Amino acid sequence: MVKPLFNSILVVINGSEASIHAAQYGILMARLYRCDMKAIYVVDTATLKELTISKFFVAEESLDYENSLTEDGKRYLSYVENLAKSKGIKIETELRKGSVWSEVVGFAEDSNVDLILLGEHQHKEEKDAITSTYKEIISHAGCSVLVVRQKNIEQLYKMA
């Protein structure tokens, strides 16, 4: 008998519409293939530290911004949890702080994830900001990585 290609998937949530689409895609995959699903949001404290060191932020501003990003992360993970619940899928969520790629890869390894889902970004400014992060995830992940480009994912999700 052939072993399934994946039993556990991880979607990376960053608050963008693309990451929500990746979550919807993952929810449909989890439902269709009966696999476990996880979602992670990483507060990029590594970049915040760099901005503070370079004097772009003062320490107090950096802490305020980190707290704001943490609250955003909780809200986005809760939203994804509700999306999954509405389709009968149980999802494990994780909020971490640190370097985005490192935390994603570490969590995927610790959780024995077989597939990481990333949302494709359409706008140039978004692509420039995340390209290096995605490259690092793809380069260091010990499992397959899929960039979700499904154009009609919202309609498919609604019909499921």
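Predicted model: local features only at pLDDT ≥ 70, side-chain atom pairs only at ≥ 80, totals over all residues.
1. Basis. Local features need pLDDT of at least 70 and side-chain atom pairs count only at pLDDT 80 or more, while totals for chains, interfaces and linings use all residues. Residues are numbered from 1 along each chain as its sequence is written, and side-chain values use heavy atoms, with hydrogens and water left out.

2. Helix α1. Helices (H or I, at least four residues) and strands (E, at least two) are DSSP runs, numbered from the N terminus. Residues 17-33 form α1, which reaches 24 Å from first C-alpha to last, close to the 24 Å expected (1.5 Å times one less than its number of residues). Of its 17 residues, 12 are buried (under 20% relative accessible area, 1.4 Å probe, protein chains only). Just after α1, Arg 34 has a positive phi of about 50°.

3. Cores. A nonpolar core is a set of buried Ala, Val, Leu, Ile, Met, Phe, Trp, Tyr and Cys residues joined through side-chain atoms within 4.5 Å. The largest has 29 residues, of which Ile 9, Val 11, Ile 13 and Met 37 touch the most other members. α1 gives the most to this core, with seven residues. Another core, of 15 residues, lies apart from it and includes Val 12 and Leu 118.

4. Strand β4. Five of its five residues are buried. Leu 115, Leu 117 and Gly 119 point one way, Ile 116 and Leu 118 the other. Strands pair if DSSP finds at least two bridges between them. β4 runs parallel to β1, with three bridges, and parallel to β5 (residues 144-148), with five. Leu 10 is bridged to Ile 116, and Leu 118 stands opposite Val 147.

Terms used. Buried < 20%, exposed > 50% of the residue type's maximum accessible area, 1.4 Å probe, protein only.
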